[in-house]
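Dear colleague,

Please find below the structure that I was asked to pass on to you.

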Amino acid sequence: MFIGSSPHTASLITAVSKVAPTDAPVLIRGPTGVGKELVAKRLHEQSGRTGRFVAINCSAIPAELMESELFGHSKGAFSGAVSSFAGRIRHSENGTLFLDEIGDMDSSLQSKMLRFLQEGVVTPVGSNEEFAANTRIISATHQPLEDLIKQGDFREDLFFRLNVIPLSVAALSARGEEITEFFEFFANKFDASIKPFSIEEQSWELMRNYSWPGNVRELEGFCQRLAALYPGEIINLYKVPPDYLPSGMSNTILRSATDELKTDEPAKVKRTATANRSSSPETSVDELIDLVALEKSPITGDAKSLKDRVDNYERKLIEFALDKQSGNVSRAAKSLGVKRTTLIEKISRWPK
């Protein structure tokens, strides 16, 4: 299933539809987590081939075992080979073999794969017998194969054989309009509530501005986490504990909070007064409490309940600590006697 209405995805869908019915090898490129295997499956589904779609990750299997996995082996070919094995290529007869992370294929196997692409036959390990195989090869990589060729780590002739039809899948950040579409899809996938979880409007800026280095895979994991923690809720991401947010997103929230402190004029006055009272970079909790008590301004103008007063007093202590440490969160947390993550969580919960 393809998700996404961006021009890039529309162009990709068109290209897949055109090349799927052919037998030509396809090389899919794109960063990790963008869904290259989904593209490969779509190619297979639209190919009309009656065999299976078989996937193998070239970086996940040791080189000494990969040859047997791909080309098969005869009984007794090596220790533990108690029976013959046809191999993934023959298992995908009349179907598609998807070679993920082809850039990690061992050089000794590259020549054997080249021979299969040229002649369409495989020779199992420990056998002299050749077997014909009608299998379409689709490969994928996040690596620049041209650079690997220059370094001598990838065969140029194999690259030419694999790259007959090149397809590219862009990073999620390059098709930002699809973040909402993927979010809604995953919310419905993971949240069994009558009305799946969603996020408040003010939080969407965080979602759209975050770079999503893990791409769709990272967004999927984040949505699964939210579904487990906040099923059916409308979520304010600014109030979600930092440990539950992508690290880059929690850092954005923290920077936003500290920027507000730095641009707040009363805070500037407090920093000046605090600096005049002490030149020591280390300030204890007791000293911070004394500093707050020395201030002439009230803690808050509208705090009514005890909880409101305590929360506002805590915020004032944190502001003083950050001011004292020039916005350095780690040192401020140390001076307050709390963990850095605890301090970030408290700041993230301040009213926006």
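Predicted model: local features only at pLDDT ≥ 70, side-chain atom pairs only at ≥ 80, totals over all residues.

Residues are numbered from 1 along each chain as its sequence is written, and side-chain values use heavy atoms, with hydrogens and water left out.

The protein chain has 16 helices and nine strands; helices (H or I, at least four residues) and strands (E, at least two) are DSSP runs numbered from the N terminus. Of its 352 residues, 42% count as buried, where buried means under 20% relative accessible area, exposed over 50% and partly exposed in between (1.4 Å probe, protein chains only). Among contacts (heavy atoms within 4.5 Å) between residues at least 6 apart in sequence, 71% join residues at least 24 apart.

Helix α3 covers residues 63-71, and its buried residues are Met-66, Ser-68, Leu-70 and Phe-71. These buried residues pack against β2 (53-57), α4 (88-91), β3 (96-100), α5 (107-119) and β4 (121-122). After α3 comes Gly-72, with a positive phi near 85°.

Two pairs of helices deserve attention. Two packed helices are described by the angle between their axes and the distance between the axes. Here the axes are lines fitted to C-alpha atoms, for helices over the stretch in contact, and angles run from 0 to 180 degrees between N-to-C directions.

The axes of α3 and α5 are 11 Å apart, at an angle of about 15°. That makes α3 roughly parallel to α5, since angles under 35 degrees count as roughly parallel, over 145 as roughly antiparallel, 65 to 115 as roughly perpendicular and the rest as oblique. Their crossing is left-handed, a term used if the near helix is turned anticlockwise from the far one by less than a right angle, with right-handed used if clockwise. In this contact, Ala-63, Met-66, Glu-67, Leu-70 and Phe-71 of α3 meet Leu-109, Lys-112, Met-113 and Phe-116 of α5.

Helix α8 (residues 178-190) and helix α10 (residues 215-229) have axes that come within 9 Å and cross at roughly 45°. That angle makes α8 oblique to α10, and the crossing is right-handed. From α8, the residues involved include Phe-182, Phe-183 and Phe-186, and from α10 they include Leu-219, Cys-223 and Leu-226.

Which two residues have a positive phi although they are not glycines? Most residues other than glycine have a negative phi. Asn-94, in the loop between α4 and β3, has a positive phi of about 60°. Glu-101, in the loop between β3 and α5, has a positive phi of about 55°. Asn-94 counts as partly exposed because its relative accessibility is 31%, whereas Glu-101 counts as buried because its value is 9%.

Finally, Ser-203 is placed in the loop between β8 (198-199) and α9 (204-209). Ser-203 counts as buried because its relative accessibility is 0%. Its side chain reaches the backbone nitrogen of Leu-237 at 2.9 Å. Leaving aside neighbours within four places in sequence, Ser-203 is in contact with Ile-235, Asn-236, Leu-237 and Tyr-238.

Yours sincerely

Note on methods
Polar contact = N/O pair within 3.5 Å; in protein donor to acceptor, adjacent residues only side chain to side chain.
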